[in-house]
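User: I am new to reading protein models. Can you take me through a few features, one at a time?

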Amino acid sequence: MNDPSAEIAAAAAALRAGRLVGMPTETVYGLAANALDARAVLAIFAAKGRPSFDPLIVHVADAEQAWAVARPSARARLLAQQCWPGPLTLVLPRLPAIPDVVTSGLDTVGVRCPDHPLALALIRAAGLPLAAPSANRFGRISPTTAAHVREQLADAVAVVLDGGPCRIGIESTVLLPDPAPIILRPGGLTREALEAILGEPVAVADRAARDASLALPAPGLLASHYAPVIPLTLKDLGQPWPEGEGLAYLSWRGEGLPAGAGRLEILSQRGDLAEAAAGLFAAMRRLDACGARAMVAESVPNVALGLGINDRLRRAAGLG
Ligand code: TXA
Ligand code: MG
């Protein structure tokens, strides 16, 4: 089936029938289900092997659809108007339309409007808000191509819509806008951009604050995330690279690598954080599969998209 509108119609019908669909977005691919159907949403948790205490993001086609499931504040309205469609998830008080399973029983819900034509067409064709986590097995590397989704979840989905490689490459920024704006997960929209729009400082939550916002039963349970299969260690930018048998290297700009380091990926030779984010997960997957015994990654400058990239690298290293 190559006619995109026929493919979207088929995917929308599958969603209305309670099935799962692989959905491209500008950040990573999502594993989508009807957010209003508790049984369909349970199938997401089962397919991913995801613990039920980790809430899902609800994807909408516009702000109006968001305000049918979440109660906006003044900050939320401003951010939705300025940043959607785009890589920003707003955590807001939830309305009764959303079943408990989506929010893990929290009284808030994360909503976002993805900036991808196929995602928007799918949400509109289904006529439903879509709950969608990243379309990877729980704790593994997020997918940035349709092939990545099929590798891990082919059996679970009715269809994977192929929207090409994801433009941004790391997940959305998750923001709790009120009572004072705080980033719960750094991602595709920078803190700097949020501060410029809001005209006030935006905090970044540490691990403890993040866990508290989720009311996690066992704080720290989600530390290892976005992880390759082989062990990954992280070194600070500017520190020397370790040398040894069977190591693969994930480098920011390709500087200071051991002579003869064969298995290596350079995130951005020219030092462009957007390029680094776009290629991060695919590079981690290639190194994971290259036959190395372990991977060494280097942190990137901790500004703008670098916050999100470093967060993913730290979690891949099990550092939380
Ligand atoms: O870019 C993205 O956000 C991708 C694409 C598919 O949209 N989705 C994604 O979903 O990354 P997932 O499930 O992998 O990550 C959702 C994050 C988790 O860290 C979760 O804890 C947080 O959002 N989250 C969701 N609802 C929340 C809530 N009510 N309160 C606090 N955090 C929430
Ligand atoms: Mg995820």
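**Reading burial, packing and salt bridges**

Analyst: Thr 190 counts as buried because its relative accessibility is 17%. Buried means under 20% relative accessible area, exposed over 50%, and partly exposed in between (1.4 Å probe, protein chains only). This is a predicted model: local features need pLDDT of at least 70, side-chain atom pairs count only at pLDDT 80 or more, and totals for chains, interfaces and linings use all residues. Residues are numbered from 1 along each chain as its sequence is written, chains are lettered from A and ligands numbered from 1 in the order in which they are written, and side-chain values use heavy atoms, with hydrogens and water left out.

User: Where is Thr 190 placed, and which residues is Thr 190 in contact with?

Analyst: Helices (H or I, at least four residues) and strands (E, at least two) are DSSP runs, numbered from the N terminus. Thr 190 sits in the loop between strand E9 (182-185) and helix H8 (191-198). Contact means heavy atoms within 4.5 Å. Leaving aside neighbours within four places in sequence, Thr 190 touches Ala 304 and Leu 305.

User: At what angle do helices H4 and H8 pack?

Analyst: Axes are lines fitted to C-alpha atoms, for helices over the stretch in contact, and angles run from 0 to 180 degrees between N-to-C directions. Helix H4 (residues 74-83) packs with H8 at about 115°, and their axes are 10 Å apart. From H4, the contact uses Arg 75, Leu 78, Leu 79, Gln 82 and Cys 83; from H8, Leu 194, Ile 197 and Leu 198.

User: How many salt bridges does the structure hold?

Analyst: A salt bridge is a side-chain nitrogen of Lys or Arg within 4 Å of a carboxyl oxygen of Asp or Glu. The structure holds 15. In one of them, Asp 178 pairs with Arg 75, with the closest N and O atoms 2.7 Å apart. This pair links distant parts of the chain, 103 residues apart: Asp 178 is in the loop between strand E8 (173-176) and E9, and Arg 75 is in helix H4. Asp 178 counts as partly exposed, at 26% relative accessibility.

User: What separates Arg 191 and Glu 195 in helix H8?

Analyst: About one helical turn, because they are four residues apart in helix H8. The side chains of Arg 191 and Glu 195 meet in a salt bridge (3.7 Å, N to O). Arg 191 is partly exposed at 32% relative accessibility. Glu 195 is also partly exposed, at 26%.

User: Is Arg 270 buried or exposed?

Analyst: Arg 270 counts as exposed, at 57% relative accessibility. Arg 270 forms a salt bridge with Glu 275, the closest N and O atoms being 3.5 Å apart.
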